[in-house]
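The report below concerns aromatic contacts, the packing of a helix and some features of the surface. Please read it alongside the sequence and the model.

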Amino acid sequence: MNSGTLYLIPTPLGEGDINWMLPVAVRQCIAGLRHYIVEHPKTARQFLKQVGGIPPLQNIRMQVLNEHTQLKEFANLLEPLLTGNDIGLLSEAGCPAVADPGAGLVRLAHQKNLRVVPLVGPSSILLALMASGLNGQHFVFHGYLPIEKNKRAGKIIELERDSIVRDQTQIFIETPYRNQRLLDAIALTCGNDTALCIACNLTLASEFISTRTVKEWKRGFPDLKDKPAIFLLHG
């Protein structure tokens with residue numbers, strides 16, 4: 001029996017028109033799947049309802065993969081592939097396996113010589129980089145910076161230095177309720193001429209993207225309280 005395919009399915013970054021975010025071919029692919037690996041079944045079901053054209057939800061099998069899933073459980077998640085069934089891997093928002101616990105599962109699929117197919121959809125990291133005007137030839141995504149004040153300041157200094165030495169855009173994120181603390185740390189730590197792009201609520205009606213120097217940002221940061229944002233820095 002031929003093995004199934006693991007489809008990596010991007011999901012919207014927030015509430016919005018699904019037709020704007022996912023091509024027709026991707027939605028058609030989703031409609032044909034009966035097996036999914038998801039972070040949260042409730043939000044996965046909401047997403048599938050948005051896509052439309054899917055079989056009744058009670059006929060769809062969902063397995064859970066999140067930050068608590070142990071490596072030894074990954075093989076069981078891929079079992080449907082071995083019996084010829086395709087699986088859709090869903091992230092909570094954006095692209096699976098990018099800053100997402102699905103990366104380990106995709107690696108295991110490759111080790112088992114299973115077919116992996118990434119589908120087109122929104123990536124907050126790439127969208128922010130595209131719109132920043134900063135170096136898109138050399139960039140690094142760091143995920144979350146340290147929470148502790150002194151360690152965070154030290155990391156920001158390191159990123160600014162690397163951006164200058166390597167001509168490299170530094171990309172990072174923060175938990176939304178700590179956005180303002182991160183911005184304050186950047187204002188206190190970075191040089192006035194360092195460029196900082198703030199990209200918030202990407203793909204939504206309230207989307208905000210702006211690149212300015214740190215000196216210009218010191219005149220007033222946008223209100224990012226509880227809003228998902230991407231930060232891009234280049235000295």
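## Aromatic pairs

Phe221 counts as partly exposed, because its relative accessibility is 23%, where buried means under 20% relative accessible area, exposed over 50% and partly exposed in between, with a 1.4 Å probe and protein chains only. This is a predicted model, in which local features need pLDDT of at least 70 and side-chain atom pairs count only at pLDDT 80 or more, while totals for chains, interfaces and linings use all residues. Residues are numbered from 1 along each chain as its sequence is written, and side-chain values use heavy atoms, with hydrogens and water left out.

A search of the whole structure finds two aromatic pairs, a pair being rings of Phe, Tyr and Trp (its six-membered ring) with centres within 6.5 Å, called stacked if the planes are under 30 degrees apart, edge-to-face if over 60 and tilted for the rest. Phe172 and Phe231 form a stacked pair, 6.0 Å centre to centre with 20° between the planes. Because Phe172 lies in strand β7 and Phe231 in strand β10, this pair ties together parts that are 59 residues apart in sequence; helices (H or I, at least four residues) and strands (E, at least two) are DSSP runs, numbered from the N terminus. Both Phe172 and Phe231 are buried.

The rings of Trp217 and Phe221 are also stacked, since their centres are 5.9 Å apart and their planes at 20°. Trp217 is buried, with a relative accessible area of 1%. The charged end of Arg212 sits over the ring of Trp217, 4.6 Å from its centre, a description that requires NZ of Lys or CZ of Arg within 6 Å of the ring centre and within 35 degrees of the ring normal.

Helix α9 spans residues 179–189, and its buried residues are Asn179, Leu182, Leu183, Ala185, Ile186 and Ala187. The cover over these buried residues includes the helices α8 (149–166) and α10 (214–217), together with the strands β7 (169–173), β8 (195–200) and β10 (229–234), where contact means heavy atoms within 4.5 Å.

The C-alpha atoms of Gln137 and Thr169 are separated by 8.6 Å, although the two residues are 32 residues apart along the chain. Phe139 is found in strand β6 and counts as partly exposed, at 36% relative accessibility.
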